[in-house]
Amino acid sequence: MLKKIFLVFFIPFIQNVSAQKQDTCLYRFSYLFEKYDSLTHKTGKDSFVVESGYHSSVCYSSITRNNDTILAVYNKKVMEMYGDGKTKYINLTDYPVMAQGSTQKVYKEMDKNEIVVTDKVVTDKFFYHDSMELFTWQIAADTQTVEGYSCQKAESHFRGRDYTAWFTYQIPISNGPLKFGGLPGLICKLYDNTKRFTFSLISFEKANVKDLIVIDTTGFQKTTRKKLYMMRKAFFENPMGYINSQGNVNITLTSGNNTSARKYDPLELE
Amino acid sequence: MKAMLLPKKFFFFAFFLSLTFYVHSQTVISGKINNDNKEPLSSVNITVSKKNSSLILAYSISDKNGYYKISLQTKEDSLLLSASALNYEREEKLILAISSEYNFTLSPKPTS
């Protein structure tokens with residue numbers, strides 16, 4: 001009797017604790033992301049990996065993922081150096097200089113028709129929900145071969161920009177990089193009409209049997225897309241002001257100007 | 001004289017009405033996708049193309065209850081309706097280009 005009560009008490013408790021959802025990763029594909037800056041005539045690069053399962057998928061920057069692995073090692077080292085409790089300042093030059101990737105992670109829950117995005121502004125972690133019905137694709141009759149796949153053209157407007165996507169019926173996954181998807185086949189190439197943002201499929205492969213997709217928002221603060229947009233904009237336009245207004249950390253610059261203001265020009269303008 | 005004009009106008013109007021009706025006639029194809037165990041399959045791509053072409057004219061993706069609906073305007077007499085999903089055998093049906101219901105039962109691909 002007592003055992004039963006014990007069980008009844010704990011089962012809902014266990015379910016509540018894990019804010020995680022799991023899926024088996026079936027396929028893994030990646031895109032080269034190029035962002036052309038018309039002011040500096042420079043092309044910034046990133047690499048997005050999409051892991052696709054039975055009813056969900058996740059898209060993340062492989063640069064950020066690699067950085068996180070490297071940073072974990074350095075964090076440990078730095079903690080050993082300064083972790084005596086007396087040192088209040090950490091010298092950022094103890095860290096390596098690394099290429100920066102997107103901090104965004106886009107989870108798609110096909111069974112719930114919902115997108116969950118986790119992101120970071122400096123060290124603050126946030127998540128928000130978005131709809132999966134973001135595009136009104138118009139299919140055209142144009143065809144092209146991309147990475148060996150027969151592709152067909154589709155166009156859609158999305159939050160302030162017009163996009164052209166080339167998708168293939170040969171891979172019946174209705175997915176693409178970041179929030180993009182909803183076509184009858186995998187997106188192989190995608191760009192906005194000013195060719196400022198380009199995504200190109202560079203690999204498609206079957207995942208290992210034991211790979212999992214874990215949707216985890218533990219430690220992330222719930223917010224809305226609009227609020228996160230404003231926070232990121234504030235940070236981009238005045239990095240030092242943003243950091244110091246948060247009150248937790250104070251950063252003193254000794255050299256360099258890599259914290260200067262940049263123009264905030266995200267994919268989603270609205 | 002006026003009584004004679006009215007029918008003429010009417011026929012003129014009726015002629016144009018029928019014309020617009022003809023131009024905008026839509027074919028609506030809908031149905032349900034199941035697996036071998038009669039369970040609904042979601043995220044299945046259902047596409048409509050011309051008989052001998054892989055070019056997609058219209059499409060739908062089945063919802064969580066396995067339902068799909070495609071609306072299109074076409075001059076073709078017959079169309080190729082295909083259902084494809086990862087790890088399932090692709091199914092194709094040659095159909096008449098008229099509004100109708102088509103259900104699919106997809107079998108899993110043999111695991112390689």
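How many bridges join E2(A) to strand E3 (residues 56–61) of chain A? Five bridges do, and the two strands run antiparallel. Strands here are DSSP runs of E of at least two residues, numbered from the N terminus, and two strands pair if DSSP finds at least two bridges between them.

This is a predicted model, in which local features need pLDDT of at least 70 and side-chain atom pairs count only at pLDDT 80 or more, while totals for chains, interfaces and linings use all residues. Residues are numbered from 1 along each chain as its sequence is written, and chains are lettered from A in the order in which they are written.

E2(A) also has a partner in strand E1 (residues 20–37) of chain A: E2 covers residues 42–53, and the pairing is antiparallel over twelve bridges. Four residues lie between E1(A) and E2(A) in a hairpin, and His41(A) in the turn has a positive phi of about 60 degrees. The hairpin from E2(A) to E3(A) passes through two residues. Glu51(A) in E2(A) stands opposite Arg28(A), and Val58(A) in E3(A) also stands opposite Glu51(A).

The contact between chains takes 14 residues from chain A and 13 residues from chain B, where contact requires C-beta atoms, placed from the backbone, within 7 Å. On the side of chain A that touches chain B, strands E7 (138–146) and E8 (149–158) each supply at least two residues. E7(A) gives the most, with three residues.

As for confidence, pLDDT is the predictor's confidence in each residue, from 0 to 100. Chain A has a mean pLDDT of 85, and 84% of its residues reach 70 or more.

Terms used:
Contact = placed C-beta atoms within 7 Å.
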